Amino acid sequence: MADFVGALDQGTTSTRFMVFDHGGNEVARHQLEHEQILPRAGWVEHNPTEIWERTRAVIQTTLNRAGLGHADLAAFGITNQRETTLVWDRRTGRPFYNAIVWQDTRTDRIAAALERDGRGETIRHRAGLPPATYFSGGKIQWILENVDGVRAAAERGDAVFGNIDTWVLWNLTGGTDGGVHVTDPTNASRTMLMDLETLDWDEELLSFFGVPRAMLPEIKPSSAPEPYGVTRPDVLGGEVPLSGILGDQQAATVGQVCFAPGEAKNTYGTGNFLLLNTGEELVRSQAGMLTTVCYKFGEDAPVYALEGSIAVTGSAVQWLRDQLGIISGAAQSEALARQVDDNGGVYFVPAFSGLFAPYWRSDARGAIVGLSRYNTNAHLARATLESICYQSRDVVEAMRTDSGVDLDVLKVDGGVTANELCMQLQADILGVPVSRPVVAETTALGAAYAAGLATGFWTTTDELRSNWNQDKRWDPTWTDRQRRDGYANWKKAVERTYGWVDVH
């Protein structure tokens, strides 16, 4: 019997393939970055062909290094950056345009028009989402309206849409030679096109964006006992069942074994994403959260979540490195920030793509406030780390309003959790303990769990719970007054970002 499960984690800045054993332990991995294409202010794109080439490379390198073959894998799962949108020709396999990334703001006028004429309320109720540049529907509409030949190709049935999970799966299962055009409810629920109750594409929502239904993938369970397909032999050397798909934040929720209502996790990546499991109850947010599908395993009822999506957290640290040049690597941000005892009165609101949850202000832009001659790059580094934590607190406060749940502990994962000062600041700013698991790459692990549950490699979610172990815990050290005053100043700083760009 095969001893391992493979998981592809296609993220915003890189693609990795990881192999896990039955205990949920990492056996092997390889990771490659891809280009961030920034054609103009507010536009963010990826090259889909480059992403597919990186996908092939990381799979083959991982298996070769570990001395493994297709026969060693019981299942294959996919997790992906959500909302990132591409349209390609099913006959040739060629994309009609670059993938438009979730951070991209070019669709702000589309979102504003939906809000203005009242269609936004229908989208909120049916899809659980506010009209925003973040989601896929407006991006598909933009491609249909602005790229020559796509509308006609879509009407013919040749132009097809997918988020990155669908693109990768289509290529893994054969591409132009029988590739499977499928997604799962966690990704479909991020398009503004799916009804949260039926888990199917909604005709009225499709009409809002002018999207032909024939473009859309079939929606299948996140953990599929009947696999979506099998890997083509030239990628893994043989056939492995593709049986799990989860959008990256839902995958991290599964990897953190948040299977009970009230359990929550926060993933620190390019952005931050805090998900609270609400069970089979569909909680409609009144406080700026997103209602989303957490997962759907086989024939079981879907499990829902409230999500707080924050656009810029880890990428703010990258900005310090790449645009300002005040650090040479992400790890150096911690050492620089430790040179000072506090932020020196500086607050940094990194609203580079507007503000996501709980504000949903596409007219906001980044601001650094409170500067004096006293301040140094160390204060800016610390303010950057604090911005990650304050944005997370904004989301926790909104979730409490919606759900009535007070967090006892916040489970954390993702790259920024390696920054111990940031995690201590998170505990201080929230006033609750922060807990990091032994396996920090819970996104890939969640995709592996979904795939492995489908094939019987793991039998129950209780079995997965027994795999979870704490690596480190941070307890709050700030006084209530420090916490209250710091948050009040943060809220003032956020208000200073409003109305910076005109959205009509």
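**The whole chain**

The model is a predicted one, in which local features need pLDDT of at least 70 and side-chain atom pairs count only at pLDDT 80 or more, while totals for chains, interfaces and linings use all residues. Residues are numbered from 1 along each chain as its sequence is written, and side-chain values use heavy atoms, with hydrogens and water left out.

Begin by selecting the protein chain in a cartoon view. The chain has 17 helices and 23 strands; helices (H or I, at least four residues) and strands (E, at least two) are DSSP runs, numbered from the N terminus. The radius of gyration is 22 Å, close to the 23 Å that the globule rule gives for 504 residues, so the chain is as compact as a globular protein of that length. That radius is taken over C-alpha atoms, and the globule rule is 2.2 Å times the number of residues to the power 0.38. Along its principal axes, the C-alpha trace spans about 65 × 50 × 45 Å.

Next, display the surface. The protein chain exposes about 18,200 Å², of which carbon and sulfur atoms supply 45%; accessible areas come from the Shrake-Rupley method with a 1.4 Å probe, and for residues only the protein chains shown count as cover. Of the 504 residues, 63% count as buried, where buried means under 20% relative accessible area, exposed over 50%, and partly exposed in between (1.4 Å probe, protein chains only). Among contacts between residues at least 6 apart in sequence, 73% join residues at least 24 apart; contact means heavy atoms within 4.5 Å.

Select Glu-83, in the loop between β5 (73–80) and β6. Its phi is near 70°, a positive value in a residue other than glycine. Glu-83 is buried, with a relative accessible area of 2%.

Continue to Asp-89, which is found in strand β6 (residues 85–89). Asp-89 is buried too, at a relative accessible area of 6%. Not counting residues up to four places away in sequence, Asp-89 touches Arg-94, Phe-96, Asp-158 and Trp-170.

**Helix α3**

Now select residues 119–127, which form helix α3, and highlight its buried residues, Gly-120, Ile-123 and Ala-127. They cover an arc of only 65° around the axis, which puts them on the same side of α3; the arc is that of the directions from the helix axis to the C-beta atoms. An α-helix has 3.6 residues a turn, so residues three or four places apart point the same way. Gly-128, which follows α3, has a positive phi near 80°.

Move to helix α10 (residues 248–255), which is mostly covered: eight of its eight residues are buried. Among them are Gln-250 and Thr-253. Val-257 follows α10 and has a positive phi, near 50°.

Then select Cys-294, in strand β17. Cys-294 counts as buried, at 0% relative accessibility. Leaving out residues up to four places away in sequence, Cys-294 touches Gln-250 and Thr-253, and also Thr-186, Leu-246, Val-303, Tyr-304 and Ala-305. For a distance across the model, pick Tyr-498 as well: Cys-294 and Tyr-498 are 204 residues apart in sequence and 31 Å apart in space, C-alpha to C-alpha.

**The loop between β19 and β20**

Select Pro-358, in the loop between β19 (347–349) and β20 (367–369). The peptide bond from Ala-357 to Pro-358 is cis, with omega near -5°. In that loop, Trp-360 can be selected next. Trp-360 has a positive phi of about 55° although it is not a glycine, and at 18% relative accessibility it counts as buried.

**The loop at Gly-414**

Finally, select Gly-414, in the loop between β21 (410–413) and α14 (420–430). Gly-414 is buried, with a relative accessible area of 13%. Leaving aside neighbours within four places in sequence, Gly-414 is in contact with Tyr-268 and Ala-440.
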